[in-house]
Amino acid sequence: MSVTHLIESPTKADGAQLWRIARDSAKLDLNSPYAYMLWCRDFAESSVVAREDGEAVGFVIAYRRPDAPDSALVWQVAVDASQRGKGLAGALLDTLYTRLVGEGVRYLETTITPDNEASIRLFSSFAKRWNAAMETSVLFGGEDFPEAGHLPEELYRIGPLNLPTNPGD
């Protein structure tokens with residue numbers, strides 16, 4: 001499907017809208033509104049937001065790993081309920097990576113719990129579109145979390161990545 005949203009770097013003013021999208025997803029680990037405001041300010045160059053009629057309708061928050069400058073870790077991907085099923089999450093990831101590859105990023109990472117089938121499909125599809133290998137390993141076991149019952153967080157590492165010859169294929 002074709003996505004026609006404006007996709008750009010977030011500003012600190014976007015933080016409240018991004019928090020609302022994450023909260024309304026009812027799937028993501030929700031962080032404080034303050035955290036989203038800081039991420040929009042401090043990680044704007046490694047994150048993207050999709051806008052429709054001036055309102056945020058989706059986002060990817062990511063950061064460059066200080067210990068691995070060729071890697072970016074995607075913290076969260078969220079799309080407003082009104083926009084789901086339109087390919088927006090994939091378009092956000094593609095836009096973000098197209099920007100980061102020019103800055104030396106060759107690996108995209110994220111963590112996903114084993115029960116999050118939508119995220120697994122999203123990142124598997126991203127790896128396939130970019131013709132890149134995807135490796136998984138457990139980053140944090142369920143026992144590592146202070147709350148009982150937290151599922152393990154599996155690290156998905158995709159790459160090495162390069163610009164595709166036909167973006168969007």
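The buried residues of helix α3 are covered by elements that include β1, β2, β3, β4, β5 (107-112) and α4 (117-129), where buried means under 20% relative accessible area, exposed over 50% and partly exposed in between, with a 1.4 Å probe and protein chains only. The model is a predicted one, in which local features need pLDDT of at least 70 and side-chain atom pairs count only at pLDDT 80 or more, while totals for chains, interfaces and linings use all residues. Residues are numbered from 1 along each chain as its sequence is written, and side-chain values use heavy atoms, with hydrogens and water left out.

Helices (H or I, at least four residues) and strands (E, at least two) are DSSP runs numbered from the N terminus. Helix α3 comprises residues 88-101, and its 14 residues reach 20 Å from the first C-alpha to the last, close to the 20 Å expected at 1.5 Å a residue, the expected span being 1.5 Å times one less than the number of residues. Of these 14 residues, 11 are buried, which leaves α3 mostly covered; among the buried ones are Leu88, Leu92, Leu96 and Leu100.

The axes of α3 and α4 come within 10 Å and cross at roughly 50°, axes being lines fitted to C-alpha atoms, for helices over the stretch in contact, with angles from 0 to 180 degrees between N-to-C directions. The two helices, α3 and α4, are therefore oblique to each other, since angles under 35 degrees count as roughly parallel, over 145 as roughly antiparallel, 65 to 115 as roughly perpendicular and the rest as oblique. Ala89, Gly90, Leu93, Asp94 and Tyr97 of α3 meet Leu122, Phe123, Phe126 and Arg129 of α4, contact meaning heavy atoms within 4.5 Å.

Strand β1 pairs with β2 (residues 48-52) in the antiparallel sense over 3 bridges, and the bridge partner of Ile7 in β2 is Ala50.

In the loop between β1 (6-8) and α1 (15-25) lies Asp14, which counts as buried because its relative accessibility is 5%. Apart from neighbours within four places in sequence, Asp14 is in contact with Cys40, Val49 and Arg51.

Key. Pairing = 2+ DSSP bridges.
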